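Trainee: I have a set of questions about this model. Can we go through them one by one?

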Protein chains: 2
Amino acid sequence: MSITVLLVDDHPVVRSGLRAVLSAHPSLTIVGEAATGEEALSLAQHLTPAVVLCDLRLGDGIDGIETTKQLRALDDAPIVLMLTTFDRDAEVIGAIEAGAAGYLLKDAEPESIAEAIERAARGEIVLSPEHATRVLHGVRNPPPKLTEREIDVLALLATGATNREIAKALFVTEATVKSHLSHLFTKLQVDTRSKAVHEARARGFID
Amino acid sequence: MSITVLLVDDHPVVRSGLRAVLSAHPSLTIVGEAATGEEALSLAQHLTPAVVLCDLRLGDGIDGIETTKQLRALDDAPIVLMLTTFDRDAEVIGAIEAGAAGYLLKDAEPESIAEAIERAARGEIVLSPEHATRVLHGVRNPPPKLTEREIDVLALLATGATNREIAKALFVTEATVKSHLSHLFTKLQVDTRSKAVHEARARGFID
DNA sequence: TTTCATCTCAGCCAAAAGGTTGAGACGGTC
DNA sequence: GACCGTCTCAACCTTTTGGCTGAGATGAAA
């Protein structure tokens, strides 16, 4: 009995590569490909694959995390494995929270990708030791929840904006910006704007 | 007469994808694959491919730019096409300066990748209109040359370090750090450390 | 030799950033 | 109604940053 797999990646070349690599395994059958999250959801409903291999970044439209959430909410919910180029703490944790059964790096060997799919299909959680550690750590030290306004400030901060510029852009006073910044610093455990940007980047809050 | 192509990418999946996509074109013949720059140089000498399709980032070892330089210095120098996920000004210009005949984004359609190889093999320069514009712009506005010490400071700056921390790390006084920063600001045409980091990132000086 | 770039450092001053405390308004929740 | 989180703002103060000018040491290049 072959495991049915749906590939989701916005890069045609990567899809072809995965298809080439995985079709060498008789235990896997690729039943479809999607380039966007929307397409993935539509195809998953029609094809009811056992496993969806989904890129975290999907160009336009909904992202991999959101796609995963919606896939897992389907009636015949497939097992979802996230595939990505980089590994960021916040994203790994986000993927697991969204219902993904695992998180794979694209530079993995073809063998280990196939093996991961098989293990996931058997109901196992597939994480590298480092990822597993970080997910557990993330559960113990949950990432701080930033408010909408704080994220607004953070986004502008990352562009190098001064408090005055941020204030003007958000239609508030500098005092308000400083207040948000103070909270951000506390939540991110830093004491300068530059460190805040660095930390936020490391944690995956910004790109 | 088929165009011989050598694939260079550190991701096995991407190599398989390119092979699958390009082997559909009878005018192209893939004669080899390499996962590192060193391997690429060795194979290029033995296989003398007409075109080398080379990823810009190659994990460990020498990077795509350096690989390109060395490939172009060979006796039977192949035409080099850079393949990359992101497009950064400094990298596009760097690739062209290193002797690459073009710069392709990985999310390109398979058709356009094959077409680009054919055009490059005919001696054309393959750049998207936006890239061409930016390369020309880069020639008119050459990117500022940063000194070693300035890059040291920049690297620490990007981690959110204060002047005092940078000074301590580099075994100089804060005055010296401020001096380097002043020069950096002038060269990057910014006026705050945060903007400097943002600008340096945008220009590809740091990741 | 002279010139030039680089790296180093100093002092001065104004502007920006950061810490602290406190507080009003609003909406949702218990 | 009381409580809490969020967003908003203010005053006060210290530290950090950035602009400016100037300058000594070194080494490479013209």
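Trainee: Is F171(B) buried or exposed?

Mentor: This is a predicted model, where local features need pLDDT of at least 70, side-chain atom pairs count only at pLDDT 80 or more, and totals for chains, interfaces and linings use all residues. Residues are numbered from 1 along each chain as its sequence is written, chains are lettered from A and ligands numbered from 1 in the order written, and side-chain values use heavy atoms, without hydrogens and water. Buried means under 20% relative accessible area, exposed over 50%, and partly exposed in between (1.4 Å probe, protein chains only). At 76% relative accessibility, F171(B) counts as exposed.

Trainee: Where does F171(B) lie, and what is its phi?

Mentor: Helices (H or I, at least four residues) and strands (E, at least two) are DSSP runs, numbered from the N terminus. F171(B) sits in the loop between α8 (163–170) and α9 (174–188) of chain B. Most residues other than glycine have a negative phi. F171(B) is not a glycine, yet its phi is positive, at about 60°.

Trainee: What about Q189(A): what is its phi, and is Q189(A) buried or exposed?

Mentor: Q189(A) is in the loop between α9 (174–188) and α10 (193–202) of chain A. Its phi is positive, about 55°, although Q189(A) is not a glycine. With 68% relative accessibility, Q189(A) counts as exposed.

Trainee: V190(A) is in the loop between α9 and α10 too. Is V190(A) buried or exposed, and which residues is V190(A) in contact with?

Mentor: V190(A) has 16% relative accessibility, so it counts as buried. Contact means heavy atoms within 4.5 Å. Leaving aside neighbours within four places in sequence, the contacts of V190(A) are F185(A), K195(A), A196(A) and E199(A).

Trainee: How many helices and strands does chain A have, and what percentage of its residues count as buried?

Mentor: Chain A has 10 helices and five strands. Its C-alpha atoms fill a box of roughly 65 × 30 × 30 Å along the principal axes. Of its 207 residues, the share that counts as buried is 46%.

Trainee: How many residues of helix α1 of chain A are buried, and which ones?

Mentor: Helix α1 of chain A spans residues 12–22 and is mostly covered, with nine of its 11 residues buried. The buried residues of α1(A) are P12(A), V13(A), V14(A), R15(A), S16(A), G17(A), L18(A), V21(A) and L22(A).

Trainee: Which residue of β4(A) is the bridge partner of C54(A)?

Mentor: Strand β4 of chain A covers residues 79–84, and five of its six residues are buried. Strand β3 (residues 51–55) of chain A runs parallel to β4(A), with five bridges joining them. Two strands pair if DSSP finds at least two bridges between them. In β4(A), the partner of C54(A) is M82(A).

Trainee: Which residues is A98(A) in contact with?

Mentor: A98(A) lies in the loop between α4 (89–97) and β5 (102–105) of chain A. Its relative accessibility is 6%, so A98(A) counts as buried. T68(A) is 30 residues away along the chain, but the two C-alpha atoms are separated by 6.1 Å. Setting aside neighbours within four places in sequence, A98(A) is in contact with I65(A), T68(A), K69(A) and R72(A).

Trainee: And D63(A): which residues is D63(A) in contact with?

Mentor: D63(A) is in the loop between β3 and α3 (64–72) of chain A. At a relative accessible area of 40%, D63(A) is partly exposed. Leaving aside neighbours within four places in sequence, D63(A) touches L56(A) and L58(A).

Trainee: How are the two copies related?

Mentor: Copies are superposed by least squares on the C-alpha atoms of residues with pLDDT of at least 70 in both. Chain B can be laid on chain A with an RMSD of 0.1 Å, by a turn of 180° and a shift of 0.0 Å along the axis. The copies are thus related as by a two-fold rotation axis.

Trainee: Which residue of chain B comes closest to the rotation axis?

Mentor: The copies meet through the same surface, because 100% of the interface residues of chain B are also interface residues in chain A. At 1.6 Å from the axis, by C-alpha, the closest residue of chain B is G17(B).
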